[in-house]
Amino acid sequence: MLTAVANALEEILYAAVDFVMKSDILREKKNTKHNIHRHKRCITNTQKMSFSAMMCALGVVILFMGAIIELVDITMAAMASFLIVICMIELGGYMPWLVYFVTSALAFLLLPNKTVVLIYALFFGFYPILKNYFERMRPFFSWIAKFALFNVIIAFYYLVSKELFLFNADSVKGYLFVMMNVIFFTFDLTLTLFVTAYVRRLRRLLRIHKFFK
């Protein structure tokens with residue numbers, strides 16, 4: 001089943017990338033030198049698509065675990081976000097966004113419990129990408145942007161849950177928001193540590209570097 005999902009994801013990713021690159025490919029000159037260059041680029045794109053498909057399939061599997069075990073739904077959504085970090089390091093460009101959108105869409109269609117999908121789609125899936133942009137600022141402004149984004153999303157999720165799922169607003173205490181901000185701070189630091197660990201050890205330990213040779 002996982003293989004079938006990966007194959008389907010690969011086809012979707014191929015179509016998306018072909019659409020984006022179509023104009024560049026049509027402008028290439030049809031001589032030997034450019035044909036060789038285009039052939040090498042196609043091989044690179046094939047590797048990118050295969051890797052992205054595997055990341056999407058693995059992300060759906062991780063979110064599925066959060067769907068069937070509701071006590072760990074937030075944990076599984078956070079773990080799935082680490083795959084986006086790997087895509088940022090290995091692929092870059094628009095590919096992490098593409099993996100995020102495809103993973104969210106497939107998880108929404110396939111998983112019986114949508115809570116973990118919403119948690120992933122509304123924050124954990126795209127935050128690692130925005131974190132990369134935020135950290136180009138000075139540290140003070142970077143943290144302001146991060147906490148502002150997190151609290152806006154928390155407020156949005158709270159309002160949506162209250163309206164659509166009859167959420168009991170009286171049961172939410174102020175200290176819970178403080179605790180969530182502390183957890184968010186810990187999660188942000190964990191992402192930073194994961195990047196360091198992945199680049200220094202995990203990438204070679206998992207032999208991912210050989211995938212792109």
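Modeller: Happy to! The chain has an accessible surface of about 13200 Å², and carbon and sulfur atoms account for 69% of that (Shrake-Rupley method, 1.4 Å probe; for residues, only the protein chains shown count as cover). This is a predicted model, in which local features need pLDDT of at least 70 and side-chain atom pairs count only at pLDDT 80 or more, while totals for chains, interfaces and linings use all residues. Residues are numbered from 1 along each chain as its sequence is written, and side-chain values use heavy atoms, with hydrogens and water left out.

For orientation, the chain has eight helices and zero strands (DSSP runs numbered from the N terminus: helices are H or I with at least four residues, strands E with at least two). Of its 213 residues, 38% are buried (under 20% relative accessible area; exposed is over 50%, partly exposed in between, with a 1.4 Å probe and protein chains only).

Now to your pairs. Side chains of opposite charge can pair when their charged atoms come close. The structure holds five salt bridges (a side-chain nitrogen of Lys or Arg within 4 Å of a carboxyl oxygen of Asp or Glu), and I will take you through some of them.

One joins glutamate 90 to arginine 203, with 2.5 Å between the closest N and O atoms. Because glutamate 90 is in helix H3 and arginine 203 in helix H8, this pair ties together parts 113 residues apart in sequence. Glutamate 90 is buried at 13% relative accessibility, whereas arginine 203 is partly exposed at 25%.

Lysine 131 lies in helix H6 and aspartate 188 in helix H8, so parts 57 residues apart in sequence are tied together. Both ends are covered: lysine 131 is buried at 6% relative accessibility, and aspartate 188 is buried at 1%.

Next, glutamate 135 and lysine 146 meet in a salt bridge of 2.8 Å, N to O. Lysine 146 belongs to helix H7 (residues 139-164), and glutamate 135 to the loop between H6 and H7, eleven residues apart. Here lysine 146 is buried, with a relative accessible area of 2%, while glutamate 135 is partly exposed at 40%.

These last two pairs belong together, too: Lys131, Glu135, Lys146 and Asp188 are linked in a network of salt bridges.
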